[in-house]
Amino acid sequence: MKDRQVSDIYQELLARIKESTPQRLFDTMFSDDSFELRSLENGKATFIADSASNAAIIKSAYSRTIAELLEQITSNHYEVEILDRASFLRKKEMVEGAQQSFFQNSHLLPQFTFENFVAGESNKSAYLACMLSVTKPAMNNPIFLYSKSGLGKTHLLQATGNDYRSKHPESKVLYITSEDFLSEFVRFIKGKKDSESLKDFFRTVDILLVDDIQFLAGKEDTQIMFFNVFNLLIAERKQIILTSDRSPSELKGLQDRLVSRFSGGLSIHITNPNKNTLMAILKEKCKANSIPEGMIEDKALEYLALNYSKNVRELEGAFTKLLFAITIEKPTSTIDLPFVKKVFDDDEERRAKKGKVDIDKIVSVVADYYSLTESQIKSNVRTSQIALARQIAMYLAREILSLPYQVIGRSFSKDHTTVLSNIQKIQKNSAKDNALRKVLDQLKQRIQQSE
């Protein structure tokens, strides 16, 4: 039955229910947001209520009435099924899984949501673009998110899929990695199936979320199929979101026409989170683990934010280690900075020892590259060349050694906020300056060769 026919039948059904139902009860149980007719086919009428309790009440009090009214309106008898939204989605997923011939292991993970994603200066554009793709699909197509590992790309993809699915329960959301696509393509080819059937499957997809697209590099046949799928979905205005560890222009081993398509949409670089974002992430982790507000002092959380901020994954690992220590030692008072330093004492000693030696090496290599002295780089002189060399040395100390900002700062007689600011400046500029990226790559090679 066509959607318009179903809508007309439903409106007539509501009008008749309203005649015999108190206004307040009707507004509560049968409003547009609370109740809807999802399908009317094969002798079954499926309704969705907004909660399990409402579904139970309507099923108990109105199932027979709804069946009788539907028969009066349509002259056909229908079995009435009333489900809450969560039950409907689970049932739909099970049916689709049984019918789906491709990507059967692809599933969205419900723990990834927009609500528990901490947006900050480093990722706000990516966060807003993904949210907009749910309400206005294909407005930006494709969306291409790129960053180093561990900065939240997968969380955003999964959150987008979950939010889209909640707003469009009948839609088909496909989250896969590029390796999933490759594996499915190989299985498909070995099965000697009609090459059009995989494309036919993608015609049913409403939103495609692909993680780590860079791993398609060098896979020529797979790239051809992906190119066809990509064009198909773009032509049908289906949203595509891709992630990678580098920008489209830096992808090697991919066909030029694919890189061109990826560059034609909205590309967003996710950078390292700043201290405020890291603190917000830690407080969200406390909340998720039912840790009362204030149980872990801000200075203790700040220690983690400053020392384990290479990426969000590293920060989460440090937080897990702290939780384990709290569980084992069961402190009776609040968790303060001395307690946290004790937990991570071995890490700090190891990194400080390593940093004292290797920072000098990094400064030496950078100084030689720019024909400066090491004392000039470590000085307070602010001429453009010396300032740039100093910022690069700090950036490389962080990038190569994963040292805390305080340790780096001690080597340059700077506080951690100055170090953080200088490192973020290099990160931001290198994202758009090819010449600077080449300099950084050359310096990294020299440092590695000097070991």
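Buried here means under 20% relative accessible area, exposed over 50%, and partly exposed in between. Keep in mind that this is a predicted model.

**Exercise 1.** Work out whether R437 and E250 are buried or partly exposed, and what their pairing connects.

*Solution.* Start with R437: its relative accessible area is 18%, and the cut-off for buried is under 20%, so R437 is buried. Next comes E250, which sits at 25% and therefore counts as partly exposed. Now the contact itself: R437 and E250 form a salt bridge, with the closest N and O atoms 2.6 Å apart. R437 belongs to helix α20 (residues 434–449), while E250 is in the loop between β7 (239–244) and α10 (256–263), so the bridge ties together parts 187 residues apart in sequence.

**Exercise 2.** Find the salt-bridge partner of E399 and say where each of the two residues lies.

*Solution.* The partner is K148, and the closest N and O atoms are 3.4 Å apart. E399 lies in helix α17 (residues 384–401) and K148 in the loop between β4 (143–146) and α6 (153–167), so this pair links distant parts of the chain, 251 residues apart. As for accessibility, K148 is partly exposed at 31%.

**Exercise 3.** Describe the D245–R246 contact and how accessible its partners are.

*Solution.* First the distance: the closest N and O atoms of this salt bridge are 2.7 Å apart.

**Exercise 4.** How many salt bridges does a search of the whole structure find?

*Solution.* The search turns up 12.

Notes: Residues are numbered from 1 along each chain as its sequence is written. This is a predicted model: local features need pLDDT of at least 70, side-chain atom pairs count only at pLDDT 80 or more; totals for chains, interfaces and linings use all residues. Side-chain values use heavy atoms; hydrogens and water are left out. A salt bridge is a side-chain nitrogen of Lys or Arg within 4 Å of a carboxyl oxygen of Asp or Glu. Helices (H or I, at least four residues) and strands (E, at least two) are DSSP runs, numbered from the N terminus. Buried means under 20% relative accessible area, exposed over 50%, partly exposed in between (1.4 Å probe, protein chains only).
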